[in-house]
Amino acid sequence: MNETNSAGSGFEHLIIKPSPDERNTLSFSKETLQAATRLMAEDGVLVLADVIDVQAVHNARKEFFAKYWTMPSGDDAPARFGQAVGHRRSMVALDFSGAMGNHRIFASPFCKSILSDLLGPQFVIAGYLAVCSLPGARAQRVHRDHPLLFPKDPTASYSLPPYCLTLVIPLVDVDLTNGVTATWPGSHKGDSALSAGASPDRAFCPTVKIGSAYLMDYRLQHCGLANMSDQPRPIITLNFSRGWFIDHANMQPRPKISAHDLSSIPDEHRHLFAQISYLHPPG
Ligand SMILES: O=C(O)CCC(=O)C(=O)O
């Protein structure tokens with residue numbers, strides 16, 4: 001299946017793929033960055049096609065199943081692995097080590113250029129998790145990953161520029177059989193998706209292949225769809241934020257990095273660890 005939307009049309013503009021020139025320089029042009037910033041402001045979701053090193057993703061998937069996950073059985077099984085985030089679906093904290101510590105996963109130059117435009121150059125990593133749905137998992141309820149910053153002033157909360165973004169990096173090709181993440185474009189700017197009953201007709205369901213990723217504003221309403229395949233469907237979710245934003249709402253374990261692993265991160269990516277190093281000085 002191509003990188004597309006389950007509805008088949010209407011959302012092609014939300015897919016950005018590096019041109020041959022951009023691929024040569026490993027960076028998006030000024031025009032592409034401006035378009036990405038405008039689309040994120042309007043829709044709050046964007047697919048970044050072919051921006052992550054495919055071999056690095058294969059290695060990360062191998063490590064995920066070897067180190068973080070063993071195939072559980074039974075309906076309550078996900079609760080024994082990380083934190084349950086729905087029926088037969090759970091969230092596991094990742095370490096910045098081994099294949100998951102490869103900067104080709106968490107610091108793709110294409111993704112970094114867009115993140116820097118949206119969050120400012122001193123943006124940081126705020127979370128590093130994987131979400132895996134098991135065969136038979138039902139769809140999640142539609143949700144946001146964080147309450148509004150100013151719950152008593154939704155207008156102010158919705159009108160702020162982005163302060164935290166989730167980059168989803170699928171570890172397998174995701175499609176309508178194993179369950180994509182359904183998203184409601186524009187819902188980061190208001191209650192529209194939920195008040196309209198989160199109509200599936202208005203959902204953008206990015207089906208993406210390994211090596212591609214999708215970016216979501218932290219205010220965007222979304223949900224993981226059912227896994228109707230016979231295989232688990234793991235995705236990495238990386239949160240990037242402005243340096244001042246600390247996610248107090250999610251009880252997820254904060255990512256950590258050892259002094260040894262931090263020392264092997266290329267200099268140009270060290271700023272990503274400013275919040276982690278502050279909250280959990282590497283030991
Ligand atoms: O499984 C997915 O596709 C999305 C997961 C998610 O949104 C969550 O657990 O908050």
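A residue is taken to be near a molecule or strand if one of its heavy atoms lies within 4 Å of it. The model is predicted, so local features need pLDDT of at least 70 and side-chain atom pairs pLDDT 80 or more, while totals for chains, interfaces and linings use all residues. Residues are numbered from 1 along each chain as its sequence is written, and side-chain values use heavy atoms, with hydrogens and water left out.

The ligand is surrounded by V85, R89, V131, Q140, H143, D145, T181, H222, G224, R233 and I235. Polar contacts are pairs of N or O atoms within 3.5 Å. A polar side-chain atom of R89 lies 2.8 Å from a ligand oxygen atom. For D145 the distance from a polar side-chain atom to a ligand oxygen is 3.1 Å. For H222, a side-chain N or O atom is 2.9 Å from an oxygen atom of the ligand. Taken alone, the ligand exposes 290 Å², and the protein buries 91% of that (Shrake-Rupley method, 1.4 Å probe). Strands β11 (222-224) and β12 are the elements that give two or more residues to the shell around the ligand. Strands are DSSP runs of E, at least two residues long, numbered from the N terminus.

Strand β12 (residues 233-241) also pairs with β7, antiparallel, through 7 bridges; pairing requires at least two DSSP bridges.

Strand β7 (residues 164-170) is mostly covered, with 7 of its 7 residues buried (under 20% relative accessible area, 1.4 Å probe, protein chains only). C164, T166, V168 and P170 point one way; L165, L167 and I169 point the other.

Notes
Buried means under 20% relative accessible area, exposed over 50%, partly exposed in between (1.4 Å probe, protein chains only). Helices (H or I, at least four residues) and strands (E, at least two) are DSSP runs, numbered from the N terminus. A polar contact is a pair of N or O atoms within 3.5 Å; within protein, one must be able to donate a hydrogen and the other to accept it, and residues adjacent in sequence count only if both atoms are side-chain atoms.
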